Amino acid sequence: MDAKKLDTGPRDAINWLPDEILGKILSLLATKQAVSTSVLSKKWRTLFKLVDTLEFDDSVSGMGEQEASYVFPESFKDLVDRTVALQCDYPIRKLSLKCHVGRDDEQRKACVDRWISNVVGRGVSEVVLRINDRGLHFLSPQLLTCKTLVKLTLGTRLFLGKLPSYVSLPSLKFLFIHSVFFDDFGELSNVLLAGCPVVEALYLNQDGESMPYTISSPTLKRLSVHYEYHFESVISFDLPNLEYLDYSDYALYGYPQVNLESLVEAYLNLDKAEHVESPDVTKLIMGIRNVEILSLSPDSVGVIYSCCKYGLLLPVFNNLVSLSFGTKKTRAWKLLADILKQSPKLETLIIEDLNGYPLDVSMPLNQVKELQILEYGESDDEVKRLKSFLGEESMIEVVFPEV
């Protein structure tokens, strides 16, 4: 008898764990798997209510070109309905919903709205919505006024109707937007961000129309902007408390307002676009003059160099201590020399390589303590360029890539 107990005990050991622990274990499983445990017994049906993370994805492997016409099937609807019903009114920490909805499919849109409304009313702190809707999709009023929401992700290829003026997300700190198209270009700042009084971080990734022409917030500290194509000709940044900027875009005709007085760290990747004949980054460069850490991609260097030829005067970078500089063109090395002259506190200089560095361009490196070269092969030509770059009596520490 004792031997039998020893044999069966381990198989039932999990049932002896506290319900709170079992609930956390279930939360680590895919939601579809976690739901399946509810058929084991009444106890497991009760335990599923303790799951605080719900993730639903209607994607089908090998969808390919069929995705353009795909909508979530009835089986997906049944799964979500059943899961939400099993949960009753228990608290939910995170909801992730990825699904495809038809352009004029009001029935499926109503399902999505019902699921979101049910969950956000249960103390949810994070919501990830990746809704592929080829028609207008109006976000749930309950979502737009959720008092507990801290982190919100919206995407992908989501066409929003006009945002209501009552947007109020008093706890939201992190906002991720990927290919979301607004009814009006100004709604991102004037309605959505305006309704987020404590928002600290915005991650904006757009690849088509409806680019915001102004990004404005008094509380934002981190901003990441990646535009794959920009139909607008200008953009403004009114972000007095921003500390970190990662900006990837085509260089535009102008930047009417650039309020970045608190900026500490900036990464610029500005490319030359065919549809913008004469970009002007003057106000943008003036606006980042207070940075301590600055990274300029090779494309950015090319754009800034061209603007300098047509009148851009570099500001003094009084706080700059670390500069990362890349260039594809020999003549743009002069821009580096000009930036060094305008950076009295620079300590660390990071360059991709010395290819194309002209030996006749003198580098004012007196204040630089460390030079990092990301690619260096120690060929005779590279050694010659390095010696010329550093000068005869340089005391700079040179850091080469690890082999």
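In this predicted model, helix 5 and helix 6 cross with a left-handed sense. The two helices, which span residues 74-87 and residues 106-120, pack at an angle of about 20 degrees, and their axes lie 11 Å apart. Because angles under 35 degrees count as roughly parallel, helix 5 and helix 6 are described as roughly parallel to each other. The residues that make this contact are set out by helix in the table.

| Helix | Residues in the contact |
|---|---|
| Helix 5 | Phe76, Lys77, Val80, Asp81 and Val84 |
| Helix 6 | Cys111, Arg114, Trp115 and Asn118 |

Sorted by class, the contact of helix 5 with helix 6 comprises five nonpolar residues, one polar residue and three charged residues.

Elsewhere in the chain, Gly391 sits in the loop that runs between helix 12 (380-390) and strand 19 (397-399).

As for confidence, the protein chain has an average pLDDT of 84, with 83% of the residues scoring at least 70. Over residues 1-9, however, pLDDT stays under 50, and the model has zero contacts beyond four places in sequence for these residues. Where pLDDT is low, the predicted coordinates should not be read in detail.

Terms used. Residues numbered from 1 in each chain as written. Predicted model: local features only at pLDDT ≥ 70, side-chain atom pairs only at ≥ 80, totals over all residues. Heavy atoms only, no water. Axes fitted to C-alpha atoms, helices over the stretch in contact; angles between N-to-C directions. Helix = DSSP H or I, 4+ residues; strand = E, 2+ residues; numbered from the N terminus. Parallel < 35°, antiparallel > 145°, perpendicular 65-115°, else oblique. Left-handed = near helix turned anticlockwise from the far one by under 90°. Contact = heavy atoms within 4.5 Å. Nonpolar A, V, L, I, M, F, W, Y, C, P; charged D, E, K, R; others polar. pLDDT = per-residue confidence, 0-100.
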